[in-house]
Amino acid sequence: MLTSSRRTVLKTLGIMGGAIAFSPNVLLSATGRKKEKLGVALVGLGYYSTDLLAPALQQTKYCYLAGIVTGTPSKAEAWKAKYNIPDKNIYNYETIGDIANNPDIDVIYIVLPPSMHAEYVIKAAGTGKHVWCEKPMAVTAEECKSMIDACNKNKVKLAIGYRLQHEPNTKEYRRIVQNNLLGKVKKLNCAAGYYETRTNHWKQKKEMGGGVMPDMGVYAIQGARLGTNMEPVSVISAKASTTRPDIYKNGLDETMVAQLEFPGGVMADIKATFGENVNFLDITCDKGVIKMAPYSAYNGVKGSSALGEINHPYDVPWQQANQMDDDALSIIQNKPMLVPGEEGLRDVRIFQAIYASAASGKPVSLV
(Lines give C-alpha, C1' and ligand atoms only; values in the text may rest on other atoms or scores of the structure.)
Protein backbone atom coordinates (compact mmCIF):
# COMPACT_ATOMS: atom_id res chain seq x y z
CA MET A 1 0.00 0.00 0.00
CA LEU A 2 1.28 3.49 -0.85
CA THR A 3 2.03 5.86 2.01
CA SER A 4 0.63 9.40 1.80
CA SER A 5 4.13 10.78 1.15
CA ARG A 6 4.70 8.26 -1.62
CA ARG A 7 1.36 9.20 -3.17
CA THR A 8 2.36 12.86 -3.08
CA VAL A 9 5.67 12.15 -4.88
CA LEU A 10 4.00 10.05 -7.57
CA LYS A 11 1.27 12.62 -8.09
CA THR A 12 3.90 15.36 -8.43
CA LEU A 13 5.67 13.33 -11.12
CA GLY A 14 2.39 12.83 -12.98
CA ILE A 15 2.51 9.09 -12.42
CA MET A 16 -0.81 8.79 -10.61
CA GLY A 17 -4.13 9.65 -12.16
CA GLY A 18 -3.24 8.02 -15.51
CA ALA A 19 -0.97 10.80 -16.77
CA ILE A 20 2.09 8.59 -16.99
CA ALA A 21 2.28 4.87 -16.32
CA PHE A 22 4.82 3.94 -13.66
CA SER A 23 6.84 1.58 -15.83
CA PRO A 24 10.23 1.24 -17.56
CA ASN A 25 8.67 3.07 -20.52
CA VAL A 26 9.26 6.35 -18.69
CA LEU A 27 12.84 7.60 -18.73
CA LEU A 28 13.43 9.82 -15.71
CA SER A 29 16.22 12.33 -15.22
CA ALA A 30 18.30 12.52 -12.06
CA THR A 31 15.76 15.00 -10.66
CA GLY A 32 12.87 12.61 -11.26
CA ARG A 33 11.40 14.50 -14.21
CA LYS A 34 10.39 12.72 -17.37
CA LYS A 35 13.00 13.27 -20.11
CA GLU A 36 11.52 14.42 -23.39
CA LYS A 37 14.89 14.24 -25.17
CA LEU A 38 17.81 11.88 -24.75
CA GLY A 39 21.34 13.25 -24.54
CA VAL A 40 23.67 11.68 -27.11
CA ALA A 41 27.46 11.60 -26.92
CA LEU A 42 29.27 11.08 -30.23
CA VAL A 43 32.45 9.00 -30.00
CA GLY A 44 34.78 9.90 -32.87
CA LEU A 45 34.53 13.23 -34.66
CA GLY A 46 35.40 12.31 -38.24
CA TYR A 47 33.45 13.10 -41.37
CA TYR A 48 30.27 11.22 -40.50
CA SER A 49 29.91 12.82 -37.07
CA THR A 50 30.98 16.26 -38.27
CA ASP A 51 29.06 16.56 -41.53
CA LEU A 52 26.00 14.40 -40.84
CA LEU A 53 25.28 13.30 -37.28
CA ALA A 54 25.97 16.58 -35.50
CA PRO A 55 23.87 18.61 -37.97
CA ALA A 56 21.16 15.95 -37.79
CA LEU A 57 21.09 16.22 -33.99
CA GLN A 58 20.09 19.87 -34.44
CA GLN A 59 16.92 18.63 -36.18
CA THR A 60 15.93 15.72 -33.96
CA LYS A 61 12.80 15.74 -31.78
CA TYR A 62 13.68 13.04 -29.25
CA CYS A 63 17.43 13.41 -28.78
CA TYR A 64 20.12 16.07 -28.84
CA LEU A 65 23.89 16.45 -28.92
CA ALA A 66 24.89 16.36 -25.26
CA GLY A 67 28.56 15.36 -25.35
CA ILE A 68 31.57 14.23 -27.34
CA VAL A 69 34.48 11.82 -27.03
CA THR A 70 37.60 12.67 -29.01
CA GLY A 71 41.34 12.20 -28.83
CA THR A 72 42.00 15.53 -30.53
CA PRO A 73 41.96 18.58 -28.20
CA SER A 74 41.55 21.02 -31.10
CA LYS A 75 38.38 19.22 -32.21
CA ALA A 76 37.05 19.31 -28.66
CA GLU A 77 37.50 23.09 -28.53
CA ALA A 78 35.89 23.62 -31.94
CA TRP A 79 32.86 21.49 -31.10
CA LYS A 80 32.55 23.07 -27.66
CA ALA A 81 32.32 26.49 -29.27
CA LYS A 82 30.07 25.49 -32.17
CA TYR A 83 27.54 23.43 -30.20
CA ASN A 84 27.84 24.99 -26.75
CA ILE A 85 28.92 21.72 -25.16
CA PRO A 86 29.86 22.10 -21.47
CA ASP A 87 33.33 21.03 -20.37
CA LYS A 88 31.87 18.32 -18.13
CA ASN A 89 30.40 16.60 -21.22
CA ILE A 90 33.67 16.46 -23.16
CA TYR A 91 35.67 13.24 -22.83
CA ASN A 92 38.66 11.50 -24.37
CA TYR A 93 39.16 7.80 -25.01
CA GLU A 94 40.74 7.26 -21.60
CA THR A 95 37.91 8.94 -19.69
CA ILE A 96 34.93 7.52 -21.61
CA GLY A 97 34.06 5.35 -18.60
CA ASP A 98 33.31 8.49 -16.59
CA ILE A 99 30.16 9.00 -18.69
CA ALA A 100 28.57 6.53 -16.26
CA ASN A 101 28.28 9.40 -13.77
CA ASN A 102 26.90 11.98 -16.20
CA PRO A 103 23.09 12.29 -16.12
CA ASP A 104 23.12 14.52 -19.22
CA ILE A 105 24.15 11.60 -21.43
CA ASP A 106 21.74 8.74 -22.11
CA VAL A 107 23.19 7.30 -25.33
CA ILE A 108 26.76 6.74 -26.49
CA TYR A 109 27.06 6.63 -30.30
CA ILE A 110 30.21 4.85 -31.56
CA VAL A 111 31.40 6.44 -34.82
CA LEU A 112 34.90 4.98 -35.13
CA PRO A 113 36.75 2.75 -37.62
CA PRO A 114 35.28 -0.79 -37.60
CA SER A 115 38.28 -2.34 -35.84
CA MET A 116 37.48 -0.19 -32.78
CA HIS A 117 33.74 -0.86 -32.60
CA ALA A 118 33.81 -3.90 -30.33
CA GLU A 119 36.16 -2.36 -27.78
CA TYR A 120 34.21 0.88 -27.46
CA VAL A 121 30.72 -0.60 -27.60
CA ILE A 122 31.71 -2.86 -24.72
CA LYS A 123 33.15 0.12 -22.82
CA ALA A 124 30.03 2.16 -23.53
CA ALA A 125 27.76 -0.65 -22.34
CA GLY A 126 29.78 -0.78 -19.13
CA THR A 127 28.72 2.78 -18.31
CA GLY A 128 25.08 1.72 -18.19
CA LYS A 129 24.18 4.02 -21.09
CA HIS A 130 22.37 2.84 -24.20
CA VAL A 131 24.59 2.27 -27.24
CA TRP A 132 24.32 3.09 -30.91
CA CYS A 133 27.04 1.88 -33.27
CA GLU A 134 27.79 2.73 -36.87
CA LYS A 135 27.97 0.02 -39.50
CA PRO A 136 29.66 -2.31 -40.06
CA MET A 137 28.88 -3.49 -36.55
CA ALA A 138 32.36 -5.02 -36.25
CA VAL A 139 35.03 -6.88 -38.20
CA THR A 140 34.03 -10.41 -37.15
CA ALA A 141 30.90 -12.21 -36.03
CA GLU A 142 32.65 -13.10 -32.77
CA GLU A 143 33.13 -9.41 -32.01
CA CYS A 144 29.46 -8.76 -32.78
CA LYS A 145 28.41 -11.45 -30.32
CA SER A 146 30.62 -9.97 -27.60
CA MET A 147 29.02 -6.56 -28.16
CA ILE A 148 25.51 -7.98 -27.92
CA ASP A 149 26.46 -9.90 -24.77
CA ALA A 150 27.93 -6.78 -23.14
CA CYS A 151 24.78 -4.77 -23.78
CA ASN A 152 22.54 -7.56 -22.52
CA LYS A 153 24.68 -7.98 -19.41
CA ASN A 154 24.44 -4.28 -18.62
CA LYS A 155 20.71 -4.15 -19.51
CA VAL A 156 21.15 -1.43 -22.14
CA LYS A 157 19.77 -1.25 -25.67
CA LEU A 158 22.00 -1.60 -28.73
CA ALA A 159 21.16 -0.25 -32.19
CA ILE A 160 23.20 -0.32 -35.39
CA GLY A 161 23.17 2.78 -37.58
CA TYR A 162 21.39 1.37 -40.62
CA ARG A 163 19.70 4.60 -41.70
CA LEU A 164 17.96 2.98 -44.69
CA GLN A 165 15.84 0.63 -42.59
CA HIS A 166 14.22 3.77 -41.15
CA GLU A 167 13.81 5.39 -44.60
CA PRO A 168 10.37 5.66 -46.32
CA ASN A 169 11.37 4.58 -49.86
CA THR A 170 13.10 1.51 -48.46
CA LYS A 171 10.05 0.76 -46.32
CA GLU A 172 7.86 1.01 -49.43
CA TYR A 173 9.76 -1.51 -51.57
CA ARG A 174 9.96 -3.79 -48.54
CA ARG A 175 6.19 -3.52 -48.11
CA ILE A 176 5.64 -4.60 -51.71
CA VAL A 177 7.91 -7.63 -51.26
CA GLN A 178 6.67 -8.60 -47.81
CA ASN A 179 3.05 -8.59 -48.95
CA ASN A 180 3.73 -10.34 -52.28
CA LEU A 181 2.05 -7.45 -54.10
CA LEU A 182 3.98 -8.39 -57.24
CA GLY A 183 4.15 -12.08 -56.44
CA LYS A 184 7.21 -13.90 -55.18
CA VAL A 185 10.75 -12.68 -55.73
CA LYS A 186 12.48 -14.62 -58.53
CA LYS A 187 15.91 -12.96 -58.59
CA LEU A 188 17.73 -9.83 -57.47
CA ASN A 189 20.61 -7.66 -58.64
CA CYS A 190 22.14 -4.77 -56.72
CA ALA A 191 25.30 -2.72 -56.61
CA ALA A 192 26.64 -0.09 -54.25
CA GLY A 193 29.77 1.91 -54.83
CA TYR A 194 31.53 5.18 -55.44
CA TYR A 195 34.96 6.27 -56.60
CA GLU A 196 36.97 6.62 -53.40
CA THR A 197 39.68 9.26 -53.84
CA ARG A 198 41.18 8.91 -50.37
CA THR A 199 44.29 6.75 -50.21
CA ASN A 200 45.19 6.65 -46.51
CA HIS A 201 41.81 6.26 -44.83
CA TRP A 202 40.73 3.32 -42.66
CA LYS A 203 38.99 1.98 -45.75
CA GLN A 204 42.41 1.30 -47.28
CA LYS A 205 43.79 -0.37 -44.15
CA LYS A 206 42.95 -4.01 -43.51
CA GLU A 207 43.94 -3.80 -39.84
CA MET A 208 41.33 -1.06 -39.27
CA GLY A 209 38.50 -2.95 -40.91
CA GLY A 210 39.17 -1.66 -44.40
CA GLY A 211 38.21 -3.11 -47.75
CA VAL A 212 34.98 -2.55 -49.63
CA MET A 213 32.87 -5.30 -48.04
CA PRO A 214 32.62 -3.87 -44.51
CA ASP A 215 31.60 -0.52 -46.01
CA MET A 216 29.71 -0.52 -49.32
CA GLY A 217 29.40 -4.29 -49.16
CA VAL A 218 27.03 -3.99 -46.23
CA TYR A 219 24.68 -1.91 -48.41
CA ALA A 220 24.76 -4.55 -51.14
CA ILE A 221 24.09 -7.33 -48.62
CA GLN A 222 21.27 -5.31 -47.08
CA GLY A 223 19.81 -4.73 -50.53
CA ALA A 224 19.78 -8.48 -51.16
CA ARG A 225 18.35 -9.38 -47.75
CA LEU A 226 15.71 -6.67 -47.59
CA GLY A 227 14.86 -6.99 -51.28
CA THR A 228 14.15 -10.72 -51.03
CA ASN A 229 12.80 -10.55 -47.46
CA MET A 230 14.86 -13.67 -46.81
CA GLU A 231 18.18 -14.73 -45.34
CA PRO A 232 20.80 -16.25 -47.68
CA VAL A 233 21.59 -19.93 -47.31
CA SER A 234 24.96 -19.81 -49.08
CA VAL A 235 27.52 -17.77 -50.94
CA ILE A 236 27.70 -19.45 -54.34
CA SER A 237 30.74 -17.50 -55.56
CA ALA A 238 32.74 -14.37 -54.85
CA LYS A 239 35.64 -12.54 -56.47
CA ALA A 240 37.70 -9.65 -55.10
CA SER A 241 39.69 -7.31 -57.35
CA THR A 242 41.40 -3.94 -57.56
CA THR A 243 42.53 -1.63 -60.34
CA ARG A 244 44.72 0.26 -57.85
CA PRO A 245 47.01 -2.29 -56.17
CA ASP A 246 49.24 0.51 -54.92
CA ILE A 247 46.32 1.67 -52.73
CA TYR A 248 44.40 -1.56 -52.09
CA LYS A 249 47.43 -3.62 -51.13
CA ASN A 250 48.02 -7.29 -50.38
CA GLY A 251 44.70 -8.45 -51.75
CA LEU A 252 42.56 -5.81 -50.03
CA ASP A 253 39.28 -5.60 -51.91
CA GLU A 254 38.53 -2.44 -53.87
CA THR A 255 35.73 -4.30 -55.64
CA MET A 256 33.82 -7.45 -54.73
CA VAL A 257 31.23 -9.30 -56.78
CA ALA A 258 29.32 -12.21 -55.29
CA GLN A 259 26.30 -14.41 -55.84
CA LEU A 260 24.11 -15.28 -52.86
CA GLU A 261 21.58 -18.10 -52.80
CA PHE A 262 18.32 -17.64 -50.90
CA PRO A 263 15.63 -20.20 -50.02
CA GLY A 264 13.73 -21.56 -53.00
CA GLY A 265 16.74 -21.16 -55.28
CA VAL A 266 16.39 -17.37 -55.50
CA MET A 267 19.72 -15.87 -56.58
CA ALA A 268 21.08 -12.41 -55.82
CA ASP A 269 24.00 -10.93 -57.72
CA ILE A 270 25.68 -8.19 -55.70
CA LYS A 271 28.56 -5.81 -56.29
CA ALA A 272 30.36 -3.43 -53.97
CA THR A 273 33.11 -1.11 -55.11
CA PHE A 274 35.33 1.84 -54.33
CA GLY A 275 36.22 2.05 -58.03
CA GLU A 276 33.07 3.46 -59.68
CA ASN A 277 29.85 5.29 -58.96
CA VAL A 278 27.04 2.74 -58.99
CA ASN A 279 23.86 2.51 -56.90
CA PHE A 280 20.84 0.39 -57.85
CA LEU A 281 18.59 -2.42 -56.68
CA ASP A 282 16.49 -4.48 -59.10
CA ILE A 283 14.05 -6.97 -57.59
CA THR A 284 12.47 -9.25 -60.20
CA CYS A 285 9.13 -10.63 -59.04
CA ASP A 286 6.52 -12.86 -60.71
CA LYS A 287 4.47 -9.85 -61.80
CA GLY A 288 7.13 -7.25 -62.55
CA VAL A 289 10.36 -5.61 -61.44
CA ILE A 290 10.94 -3.16 -58.59
CA LYS A 291 13.70 -0.78 -59.64
CA MET A 292 15.36 1.45 -57.04
CA ALA A 293 18.05 3.90 -58.21
CA PRO A 294 19.65 5.18 -56.16
CA TYR A 295 18.67 2.84 -53.36
CA SER A 296 21.27 3.69 -50.71
CA ALA A 297 22.09 7.39 -51.09
CA TYR A 298 21.79 10.02 -48.34
CA ASN A 299 18.90 11.55 -50.28
CA GLY A 300 17.18 11.15 -53.62
CA VAL A 301 16.34 7.49 -52.97
CA LYS A 302 13.56 6.58 -55.38
CA GLY A 303 12.22 3.87 -57.62
CA SER A 304 9.28 2.42 -59.48
CA SER A 305 7.36 -0.75 -60.16
CA ALA A 306 4.21 -1.85 -61.93
CA LEU A 307 2.38 -0.48 -58.89
CA GLY A 308 3.68 3.04 -59.48
CA GLU A 309 6.40 5.46 -58.45
CA ILE A 310 8.29 5.17 -55.17
CA ASN A 311 9.48 8.63 -54.26
CA HIS A 312 9.36 10.21 -50.80
CA PRO A 313 11.84 13.14 -50.97
CA TYR A 314 13.78 14.83 -48.17
CA ASP A 315 17.02 16.74 -47.66
CA VAL A 316 20.34 15.73 -46.08
CA PRO A 317 20.71 14.95 -43.13
CA TRP A 318 17.06 13.93 -42.63
CA GLN A 319 17.90 10.22 -42.83
CA GLN A 320 20.30 10.46 -39.89
CA ALA A 321 17.90 12.60 -37.85
CA ASN A 322 15.04 10.19 -38.56
CA GLN A 323 17.15 7.18 -37.62
CA MET A 324 18.25 8.71 -34.31
CA ASP A 325 14.73 9.86 -33.48
CA ASP A 326 13.38 6.36 -34.12
CA ASP A 327 16.04 4.83 -31.91
CA ALA A 328 15.59 7.43 -29.18
CA LEU A 329 11.84 6.87 -29.17
CA SER A 330 12.36 3.11 -28.86
CA ILE A 331 14.43 3.76 -25.74
CA ILE A 332 11.96 6.25 -24.24
CA GLN A 333 9.05 3.87 -24.87
CA ASN A 334 11.06 0.78 -23.93
CA LYS A 335 10.31 -0.88 -27.27
CA PRO A 336 12.60 -3.15 -29.32
CA MET A 337 15.14 -1.34 -31.49
CA LEU A 338 14.29 -1.39 -35.20
CA VAL A 339 17.87 -2.40 -36.06
CA PRO A 340 19.32 -4.29 -33.08
CA GLY A 341 22.77 -5.80 -32.78
CA GLU A 342 21.55 -9.10 -34.17
CA GLU A 343 20.92 -7.37 -37.51
CA GLY A 344 24.48 -6.12 -37.68
CA LEU A 345 25.73 -9.61 -36.80
CA ARG A 346 23.86 -11.13 -39.75
CA ASP A 347 25.62 -8.89 -42.26
CA VAL A 348 29.06 -9.43 -40.76
CA ARG A 349 28.56 -13.22 -40.94
CA ILE A 350 27.65 -12.86 -44.61
CA PHE A 351 30.60 -10.67 -45.61
CA GLN A 352 32.95 -13.02 -43.75
CA ALA A 353 31.50 -15.88 -45.82
CA ILE A 354 31.96 -13.83 -49.00
CA TYR A 355 35.62 -13.30 -48.12
CA ALA A 356 35.99 -17.04 -47.45
CA SER A 357 34.43 -17.89 -50.81
CA ALA A 358 36.64 -15.39 -52.64
CA ALA A 359 39.73 -16.86 -50.97
CA SER A 360 38.85 -20.51 -51.63
CA GLY A 361 37.06 -20.20 -54.96
CA LYS A 362 34.32 -22.42 -53.53
CA PRO A 363 30.76 -21.96 -52.23
CA VAL A 364 30.36 -21.29 -48.51
CA SER A 365 27.27 -22.40 -46.59
CA LEU A 366 25.50 -19.97 -44.27
CA VAL A 367 23.26 -22.55 -42.59
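## What buried means here

A residue is called buried when its relative accessible area is under 20%, exposed when that area is over 50%, and partly exposed in between, with a 1.4 Å probe and protein chains only. By this definition both Tyr109 and Trp132 are buried.

The structure is a predicted model, in which local features need pLDDT of at least 70 and side-chain atom pairs count only at pLDDT 80 or more, while totals for chains, interfaces and linings use all residues. Residues are numbered from 1 along each chain as its sequence is written, and side-chain values use heavy atoms, with hydrogens and water left out.

## The chain as a whole

The protein chain contains 9 helices and 15 strands, where helices (H or I, at least four residues) and strands (E, at least two) are DSSP runs numbered from the N terminus. Its radius of gyration is 22 Å, close to the 21 Å that the globule rule gives for 367 residues, so the chain is as compact as a globular protein of that length; the radius is taken over C-alpha atoms, and the rule is 2.2 Å times the number of residues to the power 0.38.

Of the 367 residues, 52% count as buried. Among contacts (heavy atoms within 4.5 Å) with a separation of 6 or more, 68% are accounted for by residues 24 or more positions apart.

## Aromatic pairs

A pair of aromatic rings is described by the distance of the centres and the angle of the planes. Rings of Phe, Tyr and Trp (its six-membered ring) pair if their centres lie within 6.5 Å, and planes under 30 degrees apart count as stacked, over 60 as edge-to-face and the rest as tilted. By this rule the count comes to 8 aromatic pairs. One of them is the tilted pair of Trp79 and Tyr83, with 5.4 Å centre to centre and 50° between the planes. These two residues are 4 residues apart in helix H3 (residues 73-83), and therefore separated by about one helical turn. Trp79 counts as buried at 6% relative accessibility, and Tyr83 counts as buried at 17%.

Tyr109 and Trp132 form an edge-to-face pair, 5.7 Å centre to centre with 85° between the planes. This pair links distant parts of the chain, since Tyr109 lies in strand E4 (residues 107-110) and Trp132 in strand E5 (residues 130-133), 23 residues apart. Elsewhere, ring pairs link Tyr194, Tyr248 and Phe274 into a cluster.

## A buried serine

Ser305 is found in strand E13 (residues 303-305), and this serine is buried, with a relative accessible area of 15%. Leaving aside its neighbours within four places in sequence, Ser305 is in contact with Ile176, Leu182, Val289 and Ile290.
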